[in-house]
Amino acid sequence: MEREFIAERQKGLQTYLDVITTHHILSNCELVKKFLDPNSYSVNYTEIALQHVSMFFRSEPKWEVVEPLKDIGWRIRKKYFLMKIRNQPKERLMLSWADLGPDKYLSDKDLQYAVKLLSSCSHPYIYKVTFVTASESSALVIRPFSEKGTLKDLIYKAKPKDPFLKKYCNPKKIQGLELQQIKTYGRQILEVLKFLHEKGFPYGHLHSGNVMLDGDTCKLLDLENSLLGLPSFYRSYFSQFRKINTLEGIDVHCFGHLLYEMTYGRPPDTVPVDSFPPAPSVFVVSVLESILTCEAMKNGMPTVSRLLQMPLFSDVLLTNSEKPQLKIPTKLKEALKNSKECIEKRLTEEQKLIHQHRRLTRAQSHHGSEEEKKRRKILARKKSKRSAYESGEEHSAKYSNSNNSGSGASSPLTSPSSPTPPSTAGASSIPPAPPPPPLPPAAPPPSTEVPVQPSPLPAVSASRGALLSSIQNFQKGTLKKTETCDYSAPRIS
């Protein structure tokens with residue numbers, strides 16, 4: 001219980017928590033969130049998911065649960081189950097149940113209609129949805145289960161059914177994909193992003209775990225996430241940069257993370273990225289530089305069309321001939337547009353708060369630093385010396401002026417200084433020096449002559465009064481005329 005020991009342990013614990021919370025996967029782990037904020041994460045979401053799924057099976061008896069897939073995803077409020085159809089026991093499907101998130105801005109009616117469109121969507125790079133339904137609080141989606149897993153499973157050499165932390169948090173071998181795979185997969189993902197942007201369908205949830213592999217083809221998963229208002233996997237990254245404020249910009253930023261992961265076999269340590277390790281092609285680095293560098297964060301994200309024109313993807317040939325199809329009614333398009341604007345507005349407000357907090361934190365850390373404290377002490381010392389010097393100068397100046405105002409050093413500091421002679425003839429408007437209190441008051445002076453009252457003041461004051469009186473009573477007409485002999489003219493002999 002020694003204070004020094006406790007302080008040392010507190011410092012060590014803080015360092016430990018800082019490392020965990022800056023690790024992207026660990027910071028989203030349910031155990032970490034429960035430890036840091038037990039009140040907000042006290043609900044058992046697995047039980048809630050089982051209740052909703054059981055209610056669903058009452059009205060849909062053809063489905064059957066094979067087993068729960070525990071913790072295969074990173075979301076706390078999203079649970080997975082391995083499914084099968086009763087009359088097709090060999091076919092495996094995956095059911096995902098999710099709570100509605102903070103960015104859910106569609107009405108319940110529009111949400112029901114929008115998720116139903118997903119089962120009718122047809123695109124070579126969008127993973128098929130078998131069944132989908134939504135309620136006022138959650139949504140349920142059933143898709144075919146892939147034994148090969150996602151693009152993230154391919155990069156990390158992981159098994160799809162293993163828990164998320166075990167698969168991706170500490171990989172045994174870090175190795176990127178081959179250049180041709182990077183080019184092909186990147187081009188396919190950009191094509192489907194361009195398609196969704198043109199349709200006005202918000203996505204914002206691109207990461208390697210949401211890309212399913214079907215042979216050599218990439219197919220996007222979880223298009224329903226933006227409709228349900230769920231937060232993005234990379235939200236903690238792009239919420240730091242105010243130039244990334246649209247869902248199109250978010251998709252491009254997330255594509256940068258995905259391309260980095262495909263190239264180097266792991267996500268970037270920090271964003272923005274200052275320098276990139278050697279890559280299979282300089283064209284890969286040029287794409288990454290346009291998305292993940294500090295300059296890109298300041299200037300904004302490039303468009304998907306611009307990325308498709310870059311040398312890394314422009315020469316990739318796509319073999320799929322399936323015609324994309326996603327028909328969105330006009331009324332729903334308007335609702336999706338409004339929802340997209342609300343999502344972007346909330347992001348902008350969050351970015352503003354983060355920016356203000358960072359400025360405040362920087363100011364506090366700057367003013368609390370040892371260097372700043374020393375600098376302030378030195379400035380305060382200099383200021384006090386300067387003020388002391390100035391006050392000393394002012395005091396000596398006052399003392400000097402008071403001594404110079406009279407001819408004797410015995411004049412008090414408070415004695416009045418001599419009045420300035422008037423510049424006009426109205427000299428009578430300025431009275432003489434007032435007499436001391438013991439004497440009777442003097443009579444009003446006439447307009448032409450000012451008598452000098454006898455005064456017990458020292459001779460200096462009396463002579464000064466006489467001088468003033470003679471100046472005031474001076475008359476030009478009393479001067480004698482003089483004759484001047486001018487010798488300045490030339491003399492001629």
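**Figure 1. Asp 103 and Arg 235 meet in a salt bridge.** In this predicted model, the closest N and O atoms of Asp 103 and Arg 235 are 3.8 Å apart. The two partners come from distant parts of the chain, 132 residues apart: Asp 103 sits in the loop between strand E3 (88–99) and helix H5 (108–120), while Arg 235 belongs to helix H10 (residues 235–238). Asp 103 is buried, at a relative accessible area of 3%. Arg 235 is buried too, at 12%.

**Figure 2. A network of salt bridges links Lys 78, Arg 143, Asp 222 and Glu 224.** Start with Asp 222, which forms a salt bridge with Arg 143; their closest N and O atoms are 3.3 Å apart. This pair joins distant stretches of the chain, with Asp 222 in the loop between E7 and H9 and Arg 143 in strand E5 (residues 138–144), 79 residues apart. Now turn to Lys 78, which forms a salt bridge with Asp 222 at 3.2 Å between the closest N and O atoms. Lys 78 lies in strand E2 (residues 78–85) and Asp 222 in the loop between E7 and helix H9 (225–228), so this contact ties together parts that are 144 residues apart in sequence. How accessible is Lys 78? Its relative accessibility is 4%, so Lys 78 counts as buried. Asp 222 is buried as well, with 8% relative accessible area, and Arg 143 is buried at 5%.

**Figure 3. Strands E6 and E7 form a hairpin.** Strand E6 (residues 211–214) pairs with E7 in the antiparallel sense, over 4 bridges. Across the pairing, Met 212 stands opposite Lys 219 of E7. Between the two strands are 2 residues, and Gly 215 in the turn has a positive phi of about 70°. Which way do the side chains of E7 point? Thr 217 and Lys 219 point one way from this strand (residues 217–220), Cys 218 and Leu 220 the other way, and all are buried. In a regular strand, side chains alternate between the two faces of the sheet.

**Figure 4. Asp 251 is a buried residue of the model.** Asp 251 is found in helix H11 (residues 247–264), and its relative accessibility is 0%. His 197 is 54 residues away from Asp 251 in sequence, with 9.7 Å between their C-alpha atoms.

**Figure 5. Lysines and an arginine form a positive surface patch.** Here you will find Lys 373, Lys 374, Lys 377, Arg 381 and Lys 385. Lys 374 is part of helix H17 (residues 370–404) and is exposed, with a relative accessible area of 56%.

Key:
Residues are numbered from 1 along each chain as its sequence is written. This is a predicted model: local features need pLDDT of at least 70, side-chain atom pairs count only at pLDDT 80 or more; totals for chains, interfaces and linings use all residues. Side-chain values use heavy atoms; hydrogens and water are left out. Patches are made of residues with over 30% relative accessible area and no salt bridge: like charges are joined within 9 Å, nonpolar side chains (Val, Leu, Ile, Met, Phe, Trp, Tyr) within 5 Å. Accessible areas come from the Shrake-Rupley method with a 1.4 Å probe; for residues, only the protein chains shown count as cover. A salt bridge is a side-chain nitrogen of Lys or Arg within 4 Å of a carboxyl oxygen of Asp or Glu. Lys and Arg count as positive and Asp and Glu as negative; His and the chain ends are not counted. The place of a charge is taken as NZ of Lys, CZ of Arg, CG of Asp or CD of Glu. Buried means under 20% relative accessible area, exposed over 50%, partly exposed in between (1.4 Å probe, protein chains only). Two strands pair if DSSP finds at least two bridges between them.
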